[in-house]
Amino acid sequence: MSPKERGDTTGVLVLDKPKGPTSHDVVGKLRRALGMRRIGHAGTLDPMASGVLVMLLGEATKLGPYLTAHDKAYEARVVLGRGTDTLDAEGTVTVEAPLPAWLEDEITRFTQEGASAVLQGITAALDRERARTEQAPPAYSAIKVDGAKSYDRARRGEVVELPARPVAARAIELRGAGILEPGKLAFLDVSLDVSKGYYVRSLARDLGVALVVPAHLGALRRTRSGPFGLDVANVLDAPPDALRAAVVPLAAAVRLGLPTAVLTAEGAVRASQGKRLGAADFSAPPPRETETLESTPPRPDEPSEPEESEASAWLSPEGRLVAVGKWDHDGYVVQRGFTDVPAGRGVETEEHVASGRRFPP
């Protein structure tokens, strides 16, 4: 039986995850509320974290690899003077050290003068993180090492050192600071806009290293995941009918989250069959194709077409999502096909999300 015949909801639901439950707990609760099993999410939030969790329902679960790749924005509190094994407030304290006098002076100056304060040491530490291109993930993470999740090995007492991974910090801004215990504990509040794979717990650890004091992540709130922000997030405890009404239709979601193209009627049939497509199969080609056609002619020693392009969403002439695909050497190839998803409200794009269809806590 198809999802359409079962009556399963398909689309993207933006939730404001509360502190406490794991992302998997949220999936389970939503499955029970909506009476369907095919639910996933685009980007895990730790139990101590709150904020935007993008839920994928029905056929939208196929969008996971694409929506997870989006940049994300956070508000974080870094606690200085104490380190933990998990790098966050839920871990076991492993080290404590007094605040350096210069650091306490800078934080006190910030509380008195605000953004106009000259903070030489803190600014240098933040600049170092802004320039970071690689980051070592926390030992307590879901990254697999020799087939086992890193946090399982760490919990067994094994020493886990994960290799650094490419990351990017688009922006890191100091929003607040204060002394929690004179000489012992302080905090920095920062906002971040970062790439996929960036660990804010690692930021806390690395800021501590730069400031010559142990540190951990004291609080975390995700304010945005790709195009989806807190302004359109819904509470998990809303009634099931209210949650269903807040689902962003599949076609609208991909218009917000991916480059889009429009297929011809014949192209839609070919894409649904998984066939390789050419430019003639699109009435509005993918962005990479447009860029190629409008660019200056290549030199004789250059290829006339790109070898690869980023993934784009391919819509039927009626606005139905048919496939996600990309250019690959000599044609467009389907990466994910979508079935039994009518255009429906898919004509609503940014307007659907901007309308703020959400339910107050």
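Q: In which loop is histidine 329 found?
A: In this predicted model, in which local features need pLDDT of at least 70, side-chain atom pairs count only at pLDDT 80 or more and totals for chains, interfaces and linings use all residues, histidine 329 is found in the loop between β18 and β19. Residues are numbered from 1 along each chain as its sequence is written, and side-chain values use heavy atoms, with hydrogens and water left out. Strands (E, at least two residues) and helices (H or I, at least four) are DSSP runs numbered from the N terminus.

Q: Why is histidine 329 called partly exposed?
A: A residue is buried under 20% relative accessible area, exposed over 50% and partly exposed in between (1.4 Å probe, protein chains only). Histidine 329 has a relative accessible area of 48%, so the label is partly exposed.

Q: What is noted about the phi of histidine 329?
A: Its value is positive, about 70°, although histidine 329 is not a glycine. The hairpin of β18 and β19 that holds histidine 329 has four residues between the strands.

Q: What makes β18 and β19 a pair of strands?
A: Two strands pair if DSSP finds at least two bridges between them. Five bridges join strand β18 (residues 321-327) to β19, and therefore they count as paired; the two run antiparallel. Within this pairing, valine 324 has arginine 336 in β19 as its bridge partner.

Q: Which other residue has a phi near 70°, a positive value in a residue other than glycine?
A: Leucine 87 has such a phi; its place is the loop between β5 (82-84) and β6 (93-96). With a relative accessible area of 12%, leucine 87 is buried.

Q: How many aromatic pairs does the structure hold?
A: There are four. Rings of Phe, Tyr and Trp (its six-membered ring) pair if their centres lie within 6.5 Å; planes under 30 degrees apart count as stacked, over 60 as edge-to-face and the rest as tilted.

Q: Why is the pair of phenylalanine 282 and tryptophan 314 called edge-to-face?
A: The ring centres are 5.2 Å apart and the planes stand at 85°, so the pair is edge-to-face. Phenylalanine 282 belongs to strand β16 (residues 282-284) and tryptophan 314 to strand β17 (residues 312-315), so this pair ties together parts that are 32 residues apart in sequence. Both of these residues are buried.

Q: What makes tryptophan 314 and tyrosine 332 an aromatic pair?
A: Their rings lie 6.1 Å centre to centre, with 85° between the planes, and form an edge-to-face pair. Tyrosine 332 is in strand β19 (residues 332-337) and tryptophan 314 in β17, so parts that are 18 residues apart in sequence are tied together. The relative accessibility of tryptophan 314 is 0%, so this residue counts as buried; tyrosine 332, at 2%, is buried as well. Ring pairs link Phe282, Trp314, Trp327 and Tyr332 into a cluster.

Q: How do you know that lysine 62 lies over the face of phenylalanine 338?
A: The charge, NZ of Lys or CZ of Arg, must be within 6 Å of the ring centre and within 35 degrees of the ring normal. Lysine 62 lies over the face of phenylalanine 338 at 5.4 Å from the ring centre. Arginine 77 is placed over the face of phenylalanine 187, at 3.7 Å from the ring centre.

Q: Why is phenylalanine 338 counted as buried?
A: Its relative accessibility is 4%, so phenylalanine 338 is buried. Phenylalanine 338 sits in the loop between β19 and α12 (350-354).

Q: Why is aspartate 46 called partly exposed?
A: Aspartate 46 has a relative accessibility of 29%, so it counts as partly exposed. Its place is the loop between β2 (39-41) and β3 (50-57). Leaving aside neighbours within four places in sequence, aspartate 46 is in contact with Lys17 and Arg201. UniProt places the feature "active site" (unreviewed entry) at Asp46; such annotations may be inferred rather than shown by experiment.

Terms used. Contact means heavy atoms within 4.5 Å.
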